[in-house]
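Here's a quick briefing for anyone opening this model for the first time. Have a look at the picture below, then read on.

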Amino acid sequence: MSTASVSLRPGAVLADLLPASRVRDIALVVGGAALTGLAAQIAVPVPGSPVPVTGQTFAALLVGTAFGARRGFLSLALYALVGMAGVPWFAGGTSGAGGASFGYVLGMLLAATVVGALARRGGDRSVLRTAGSMAVGSAVIYAVGVPYLMAVTGMSLGAAVAAGLVPFLIGDAVKAALAMGALPAAWKLVGRRG
C-alpha cells in the first residue's frame, strides 16, 4: 500500500503509514513507553507543588496522537505498569504508585487514548484541530491528576488546583504549540511524498 493511499484513508494516524505488522505495533508500544519514560526525566520542580513540570505529558499526548487510541493506551499502560513495578522512569527517576503525581500518570494513560481517538477523526491534521485535541488531552490529565493529588496529600480542591494545575498551564500551552506545529506539518510532508 502506498503512502498516499494510507495518508488519505479515513481514520489513519501517523503510525499507520508504517507497514502493518504485529512487530510494528509491539515496537511502537515499547517505543512509546520508553519515550514517555525518557521525557519524564526532564523534570523541573515547581515551588509549592509536589508535582514537577515534565516532558512526559507532551510525550504521552504525542504518542496517543501519532499512534492512535489502542497503541497509545498500550504504550502508556506499559509505561505505568513498568514504573509501578519499580523501574525508576517516572518524573525525576521515581517509581511506584504511591506518589502525589501518580494520578497524572493515570490521567496520561486516559489522555493518550482520547487524543488517539481524536486523531483518528482528523484531530491532528490542522493547527486548530491539534490545539483542540491537546487541550482535551490536558484536561483529561488534570481531571484525574488533581483529584488524586487531593486524595494523597489531603489538600482541598482549591489548594490542589493551585499546586497541581495552575502552575502548569503555561507549559501546557508551549507543549500544545509544539504539537500544533509538528503534527499538521508531518501530515503535509507525508502528503507531498504521496
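How are helix 4 and helix 5 oriented to each other? This is a predicted model, and in it helix 4 (residues 69-84) packs on helix 5 (residues 102-120) at an angle of about 165 degrees. Anything over 145 degrees counts as roughly antiparallel, so that's what these two helices are to each other.

**Helix 4 against helix 5**
- The axes of helix 4 and helix 5 sit 7 Å apart, and the crossing of the pair is right-handed.
- On the helix 4 side, the residues that meet helix 5 include Phe73, Leu76, Ala77 and Ala80.
- Helix 5 answers with residues including Val105, Met108, Leu109 and Ala112.
- Sort the residues of this contact by type and you get 13 nonpolar, three polar and two charged.

**The largest nonpolar core**
- In soluble globular proteins, nonpolar side chains tend to be buried together.
- Here, the largest nonpolar core has 42 residues, and Leu76, Tyr79 and Tyr104 are the ones that touch the most other members.
- Helix 2 (22-40), helix 3 (56-67), helix 4, helix 5, helix 6 (127-153) and helix 8 (169-193) each give two or more residues to this core.
- Helix 5 is the top contributor to the core, with nine residues.

**Zooming in on Leu76 and Ala60**
- Setting aside residues up to four places away in sequence, Leu76 touches Thr36, Ala60, Val63, Met108, Leu109 and Ala112.
- Ala60 belongs to helix 3.
- Is Ala60 buried or exposed? Its relative accessibility is 0%, so Ala60 counts as buried.
- Beyond its neighbours within four places in sequence, Ala60 is in contact with Thr36, Leu76, Met108 and Ala112.
- Take Ala60 and Ala112: they're 52 residues apart in sequence, yet their C-alpha atoms are 5.8 Å apart in space.

**Helix 6 against helix 7**
- Two packed helices are described by the angle between their axes and the distance between the axes.
- For helix 6 and helix 7 (residues 157-164), the angle is about 120 degrees and the axes are 9 Å apart.
- That angle makes helix 6 oblique to helix 7, and their crossing is right-handed.
- Tyr142, Val146, Leu149 and Met150 from helix 6 meet Leu157, Ala160, Val161 and Gly164 from helix 7.
- By type, the residues in this contact come out as seven nonpolar, one polar and no charged.

Notes:
Residues are numbered from 1 along each chain as its sequence is written. This is a predicted model: local features need pLDDT of at least 70, side-chain atom pairs count only at pLDDT 80 or more; totals for chains, interfaces and linings use all residues. Side-chain values use heavy atoms; hydrogens and water are left out. Axes are lines fitted to C-alpha atoms, for helices over the stretch in contact, and angles run from 0 to 180 degrees between N-to-C directions. Helices (H or I, at least four residues) and strands (E, at least two) are DSSP runs, numbered from the N terminus. Angles under 35 degrees count as roughly parallel, over 145 as roughly antiparallel, 65 to 115 as roughly perpendicular and the rest as oblique. A crossing is left-handed if the near helix is turned anticlockwise from the far one by less than a right angle, and right-handed if clockwise. Contact means heavy atoms within 4.5 Å. Ala, Val, Leu, Ile, Met, Phe, Trp, Tyr, Cys and Pro count as nonpolar, Asp, Glu, Lys and Arg as charged, and the others, Gly among them, as polar. A nonpolar core is a set of buried Ala, Val, Leu, Ile, Met, Phe, Trp, Tyr and Cys residues joined through side-chain atoms within 4.5 Å. Buried means under 20% relative accessible area, exposed over 50%, partly exposed in between (1.4 Å probe, protein chains only).
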